Amino acid sequence: MSSKKITDADKLEIVDLYRQTGDTTASLASRYGVSNSTISRLLKTSIPEAEYEVLIQQKRGVKGGNEEDNLTIMADGNANSPPDLALDEPLDRLDPVPDSIEIELPQILPTPT
């Protein structure tokens, strides 16, 4: 697949579609002309981990027809889920996707001989 850049607006729309529709990473990748891993990476960095895991299980449940275990996303953005699957953050919150991550590495000194 060719390397296509997705815009910040596309990123917001992709996260919104993943949260609120039955779209999967594969369907979104196809729609935006990027790889499945690009969509997965975007979602992992944009959605809180607990919510992302619930959404993955929801989409797997829909594909397998297990409707009872699915998280229901209401029109107002609230989640109807069992207490152990409650989300820590509102569904309409979007963590910014960093362009880069800075880390400080320790100084490595040569070993004495």
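What volume does the second largest pocket have, and what is found around it?

Author: This is a predicted model, in which local features need pLDDT of at least 70 and side-chain atom pairs count only at pLDDT 80 or more, while totals for chains, interfaces and linings use all residues. Residues are numbered from 1 along each chain as its sequence is written, and side-chain values use heavy atoms, with hydrogens and water left out.

The second largest pocket has a volume of about 210 Å³. On a 1 Å grid over the protein atoms alone, a pocket is an open set of points where a 1.4 Å probe fits, with protein on both sides within 12 Å along at least five of seven lines, and lining residues have an atom within 4 Å of a point; the volume is the space filled by probe spheres set on the points, which are joined across faces, edges and corners. Of its 10 lining residues, Tyr18, Thr25, Ile56, Lys59 and Arg60 are the closest to the centre. Helices are DSSP runs (H or I, at least four residues), numbered from the N terminus, and H2 and helix H4 (49–64) each supply at least two residues of the lining, with the largest share, five residues, coming from H4.

Thr24 lies in the loop between helix H1 (8–20) and helix H2 (25–32), and, leaving aside neighbours within four places in sequence, Thr24 is in contact (heavy atoms within 4.5 Å) with Tyr18 and Lys59. Thr24 and Ile56, 32 residues apart in sequence, are 8.7 Å apart in space, C-alpha to C-alpha.
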